[in-house]
Amino acid sequence: MKEVKSKDSKLNLVLLGAPGAGKGTQARLLCDAINIQHISTGDIFRKHIAGNTELGIQVKEYLDNGLLVPDSVTIEIVKLRLSECKQGFVLDGFPRTVLQAQALDELVNIDSVINISVSIDKLASRLALRRVCHCGKTFTAPNLDVKSIQCVCGGKAVQREDDKQAIVKRISVYQSDTAPLIEFYQKQGKLFTVDGMQSIELVHQSLYSKLFG
Ligand code: AMP
């Protein structure tokens, strides 16, 4: 992977893509490469659920069932997190609705939106094989019987609760609510697409070269 520092002091990016497209993995690689902050609404919600906070209790059912957390709740969470980001950011998993995208436009200027494109019929199997460590690192299990994978951090990567049961629902919510954002950002002239079916490293490289030439 290329290791370079951001040329811009403040680069505000959005990663779009279906569940399982590789947004989290690519967001982490990009943040390491250009030293900006990773904002994952899914990670924020999961942390609250694990901590049994008031917000966690409020959103748990949505996540378990593959439904979107209401826009009003999600936008407030992002607003708070954005106020802490002075060095630029990659948004991963937000926006997921046109209403969220409109709210985001009122909060901050987005420089570029990267759409990671993956064939829809590959998503279910990718999600079923995904194992995630608490450190954020993601692995692909060789088969469905492999329940956990030893992570380099010493932790164990396991299956996310919503990867066990809500896969089909999440893909259909993506198609109905989130896919329209492709056109939304195309109209703004901010969107470019990378082929998410390539290896992790190649996706990172094409994403990087589209951003920085
Ligand atoms: P993710 O980790 O991005 O796959 O998100 C996991 C789950 O968190 C989603 O299936 C939703 O239930 C919830 N979630 C994450 N981001 C959003 C968002 N922008 N709007 C609504 N719900 C979200």
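Is C153 buried, partly exposed or exposed, and what is its relative accessible area? C153 is partly exposed, with a relative accessible area of 42%. On this scale, buried means under 20% relative accessible area, exposed means over 50%, and partly exposed is what lies in between (1.4 Å probe, protein chains only).

Before going on, a word about what you're looking at. This is a predicted model, in which local features need pLDDT of at least 70 and side-chain atom pairs count only at pLDDT 80 or more, while totals for chains, interfaces and linings use all residues. Residues are numbered from 1 along each chain as its sequence is written, and side-chain values use heavy atoms, with hydrogens and water left out.

**The cysteines**

Let's stay with the cysteines for a bit. A disulfide is a covalent bond between the sulfur atoms of two cysteines. Here the working cut-off is a pair of cysteine sulfur atoms within 2.5 Å. Searching the whole structure turns up zero disulfides. C85 is in no disulfide, and its nearest cysteine sulfur, that of C31, sits 9.1 Å away. C153 isn't in one either: the nearest cysteine sulfur belongs to C133 and is 3.5 Å away.

C85 is buried, with a relative accessible area of 5%. C31 counts as buried too, at 9% relative accessibility. You'll find C31 in helix α1. Helices here are DSSP runs (H or I, at least four residues), strands are E runs of at least two, and both are numbered from the N terminus. Setting aside neighbours within four places in sequence, C31 is in contact with I36, Q37, H38 and V90, where contact means heavy atoms within 4.5 Å. The C-alpha atoms of C31 and Q198 are separated by 20 Å, and the two residues are 167 apart along the chain.

**How the helices pack**

Now for some helix pairs. The axes are lines fitted to C-alpha atoms, for helices over the stretch in contact, and the angles run from 0 to 180 degrees between N-to-C directions.

| Helix pair | Angle | Axis distance |
|---|---|---|
| α4 (residues 71-82) and α5 (residues 98-107) | about 30° | 10 Å |
| α5 and α9 (residues 180-187) | about 35° | 9 Å |
| α8 (residues 167-178) and α9 | roughly 35° | within 6 Å |

Take α4 and α5, which pack at an angle of about 30°. That makes α4 roughly parallel to α5; angles under 35 degrees count as roughly parallel, over 145 as roughly antiparallel, 65 to 115 as roughly perpendicular and the rest as oblique. The two helices touch through D71, T74, I75, K79 and L82 of α4 and L99, Q100, A103, L104 and L107 of α5. Sorted by class, the residues of this contact are six nonpolar, two polar and two charged. For that sorting, Ala, Val, Leu, Ile, Met, Phe, Trp, Tyr, Cys and Pro count as nonpolar, Asp, Glu, Lys and Arg as charged, and the others, Gly among them, as polar.

Helix α5 also packs with α9. On the α5 side, V98, A101, Q102, L104 and D105 make the contact, and on the α9 side P180, L181, F184 and Y185 do. That gives seven nonpolar residues, one polar and one charged.

Helix α9 meets α8 as well, with P180, L181 and I182 in α9 facing Y174, Q175, S176, D177 and T178 in α8. This contact divides into four nonpolar, three polar and one charged.

**Loops and backbone details**

Which peptide bond is cis, with omega near 0°? The one from F94 to P95. P95 lies in the loop between β3 (88-92) and α5.

A couple of asparagines are worth a look. N35 has a positive phi of about 60° although it is not a glycine. Its place is the loop between α1 (23-34) and β2 (37-40), and at 47% relative accessibility N35 counts as partly exposed. N52 has a positive phi too, of about 55°, and isn't a glycine. N52 is in the loop between α2 (41-50) and α3 (54-64) and is exposed, with a relative accessible area of 56%.

**Two lysines**

K190 belongs to the loop between α9 and β9 (191-195). Leaving aside neighbours within four places in sequence, K190 is in contact with N109, I110, D111, S112, V113 and Y185. K190 and V14 are 176 residues apart in sequence and 9.8 Å apart in space, C-alpha to C-alpha.

K164 is found in helix α7 (residues 161-165) and counts as partly exposed, at 49% relative accessibility.
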